[in-house]
Amino acid sequence: MRHIIAILIENEAGALSRVAGLFSARGYNIESLTVAPTEDSSLSRMTLVTRGSEDIVEQITKQLNKLIDVVKLVDLVESVHIERELMLVKIKTTDKIRDELRSVVDIFRGKIIDVTPTSYVIEMTGTSEKLDAFIATLDANNIVEVVRSGATGISRGEKGLHL
């Protein structure tokens, strides 16, 4: 099962390395990882996506909680949450397919953010499934490059990850 673990971590050198090291030492895979500062300059918020059984994820969270840099963590999948991912896609275009491509981008609520005579760069946000579906609609021969941020998420309602 897929899990999104949100972690408040001290904003210090080596903190990210210790989290990544914990995963690699135990043979667990990190599907995606995003880190950014919070409103408190001494803390960063890390969002980590991994897959595993309930027992494995419980073991991961116990081990993460033992790390000195980890202040607090929550598995977002355990409650109602919102998740999003950012994707940039560079696509080769021709005069023949530009109109059709614009229509598909509109249907998926994306934005064309760069236009050259031979390419478009498209920005899209949404769930991983939405981004996968958009890629599936494209001709693979026209895709030049795909860049994805990985999932990030937040709990719905008043509940939040804070001190």
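**Entry 1: the surface patch**

I started at Val147, which sits in strand β8 (strands are DSSP runs of E, at least two residues, and helices are runs of H or I, at least four, each numbered from the N terminus). This is a predicted model, so I kept in mind that local features need pLDDT of at least 70, that side-chain atom pairs count only at pLDDT 80 or more, and that totals for chains, interfaces and linings use all residues. Residues are numbered from 1 along each chain as its sequence is written, and side-chain values use heavy atoms, with hydrogens and water left out.

For my own record, buried means under 20% relative accessible area, exposed over 50%, and partly exposed in between, with a 1.4 Å probe and protein chains only.

**Entry 2: salt bridges**

Next I looked up charged pairs. How many salt bridges does the structure hold? It holds nine, each a side-chain nitrogen of Lys or Arg within 4 Å of a carboxyl oxygen of Asp or Glu.

- Glu85 pairs with Arg148, closest N and O atoms 2.8 Å apart. This one links distant parts of the chain, with Glu85 in β5 (residues 81–92) and Arg148 in β8 (residues 143–148), 63 residues apart. Glu85 is buried at 7% relative accessible area, while Arg148 is partly exposed at 31%.
- Glu123 pairs with Lys111 at 3.8 Å between the closest N and O atoms. Glu123 is in β7 (residues 119–126) and Lys111 in β6 (residues 111–116), twelve residues apart. I noted Glu123 as partly exposed at 25% and Lys111 as exposed at 51%. Back to Glu85: shared partners join Glu85, Asp132 and Arg148 into one salt-bridge network.
- Glu58 pairs with Lys62, closest N and O atoms 3.2 Å apart. Both lie in helix α2, four residues apart, about one turn. Glu58 is partly exposed at 40%, and so is Lys62 at 45%.

**Entry 3: cores**

Then I went inside. The largest nonpolar core has 15 residues, and Ile5, Ile7, Ile9, Val19, Phe23 and Leu64 have the most contacts inside it. A core here is a set of buried Ala, Val, Leu, Ile, Met, Phe, Trp, Tyr and Cys residues joined through side-chain atoms within 4.5 Å.

Two or more residues each come from β1 (2–10), α1 (15–25), β3 (43–51), α2 (54–66) and β4 (70–75). Which element gives the most to this core? It's α1, with four residues.

I checked Phe23 by itself. Leaving aside neighbours within four places in sequence, Phe23 is in contact (heavy atoms within 4.5 Å) with Tyr28, Asn29, Ile30, Leu48, Thr50, Ile60 and Leu64. There is also a second, separate core of 13 residues, including Leu101, Ile122, Met124 and Leu131.

**Entry 4: the β2–β3 hairpin**

Last stop: β2 (residues 32–37) pairs with β3 in the antiparallel sense over six bridges; pairing takes at least two DSSP bridges between strands. The two strands form a hairpin with five residues between them. I found Pro37 opposite Ser44 in β3.
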